[in-house]
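Trainee: Could you walk me through reading a few features in a model like this one? I would like to start with pockets.

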Amino acid sequence: QAICVGFSRGFSAPGPMILATASRHQIIDLTVDIQTGHPVWESKEGLPPQHRTLRASFDQGDDLNASELEFPAHLGTHVDAPRHFVDGEYGIEELDMSLMQGDVAIIDATGHPMLTPTVLEALRIPRTATRIIFRTDNSNRKILHQTPFAEDYVGFSVEGAEWMVQNTNAQVIGIDYLSVCAFPWKHLHGCHVIFLKAHKILIEGLNLEQVDPSLDYTFHCMPLKIKGSDGAPARAILIQK
């Protein structure tokens with residue numbers, strides 16, 4: 001099938017790539033651009049220009065362009081492996097890829113500063129869904145496209161993570177900022193440990209700004225296969241049914 005591509009350029013006014021197939025099923029690219037100024041964990045300056053270095057280029061008289069990349073495994077749209085917060089657990093290359101493909105529940109969690117048990121109960125999350133993605137005020141604030149790290153992003157509390165593990169069948173949990181788990185360290189550490197000990201797949205940094213939670217989608221995500229890594233950048237899309 002032919003694919004037509006349209007997207008907005010520039011870090012200051014980004015938008016998800018919209019792909020329309022011949023069968024008229026809209027594809028929404030949830031992946032953020034890896035580029036200078038992209039938010040980096042606890043950094044005010046964001047990703048430096050040195051994240052991509054041209055080792056050869058036409059401008060330098062070479063016969064090709066060849067880039068060398070240097071940036072964190074947990075940059076932008078990425079997936080966490082259990083090894084990230086649980087010593088002795090497996091790395092990104094051992095994740096079950098089939099779990100990151102299929103029907104998904106998009107939860108509208110706007111208006112809530114943290115995903116706690118009380119909030120999650122009120123959101124009426126489908127308990128049997130395998131893949132659940134939360135669209136929060138992170139998307140409304142567009143903080144995934146602002147350089148300074150935003151400590152007040154929306155994420156799970158420790159208790160919220162426990163609620164998800166105990167009350168849902170979710171194997172894949174996604175969110176629209178750099179971490180599924182809230183800041184500061186109490187929630188950040190405890191929440192990750194709960195999810196990753198339960199072998200939940202965490203997908204972070206999803207660009208959900210133009211996603212309508214009322215529509216039905218299938219979700220597809222493919223992290224880079226970096227042996228032994230605690231995480232990896234990924235490409236993630238929704239296909240509207």
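Predicted model: local features only at pLDDT ≥ 70, side-chain atom pairs only at ≥ 80, totals over all residues.

Trainee: How many residues line the second largest pocket, and which lie nearest its centre?

Mentor: The lining of this pocket is made of 16 residues, with Trp41, His74, His78, His84 and Leu178 nearest the centre. Strand S6 (78-80) and helix H4 (185-197) are the elements that each give two or more residues to that lining.

Trainee: And how do the residues of that lining divide by class?

Mentor: Eight are nonpolar, six are polar and two are charged.

Trainee: You mentioned H4. How should I read its length?

Mentor: Compare its span with the expected one. H4 has 13 residues and reaches 17 Å from first to last C-alpha, close to the 18 Å expected at 1.5 Å a residue.

Trainee: Which residues of H4 are buried, and what covers them?

Mentor: The buried residues are His187, Leu188, Gly190, Cys191, His192, Val193, Ile194, Phe195 and Leu196. Their cover includes S6, H3, strand S9 (172-175) and S10. After H4 comes histidine 199, with a positive phi near 60°.

Trainee: Let's turn to charges. How many salt bridges does the structure hold?

Mentor: The general idea is that side chains of opposite charge can pair when their charged atoms come close. In this structure there are six salt bridges. One of them joins lysine 142 and glutamate 209, whose closest N and O atoms are 3.4 Å apart. Lysine 142 sits in the loop between H2 and H3, and glutamate 209 in the loop between strand S10 (201-204) and strand S11 (217-223), so this pair ties together parts 67 residues apart in sequence.

Trainee: Is glutamate 209 buried or exposed?

Mentor: Glutamate 209 has a relative accessible area of 14%, so it counts as buried, the cut-off being under 20%. Lysine 142, at 45%, is partly exposed.

Trainee: Which residue does arginine 141 meet in a salt bridge?

Mentor: Its partner is aspartate 152, at 3.1 Å from N to O. That pair links distant parts of the chain, 11 residues apart: arginine 141 belongs to helix H2 (residues 137-141), and aspartate 152 to the loop between H2 and helix H3 (158-167). Arginine 141 is partly exposed, at 35% relative accessibility.

Mentor: Another salt bridge pairs glutamate 121 with arginine 127, with 3.4 Å between the closest N and O atoms. Glutamate 121 is partly exposed at 43%, and arginine 127 is partly exposed at 38%.

Methods
Residues numbered from 1 in each chain as written. Heavy atoms only, no water. Salt bridge = Lys/Arg side-chain N within 4 Å of Asp/Glu carboxyl O. Buried < 20%, exposed > 50% of the residue type's maximum accessible area, 1.4 Å probe, protein only. Helix = DSSP H or I, 4+ residues; strand = E, 2+ residues; numbered from the N terminus. 1 Å grid on protein atoms, 1.4 Å probe; cavity = no way out; pocket = protein on both sides within 12 Å on 5 of 7 lines; lining within 4 Å. Nonpolar A, V, L, I, M, F, W, Y, C, P; charged D, E, K, R; others polar. Expected span 1.5 Å × (residues − 1). Contact = heavy atoms within 4.5 Å.
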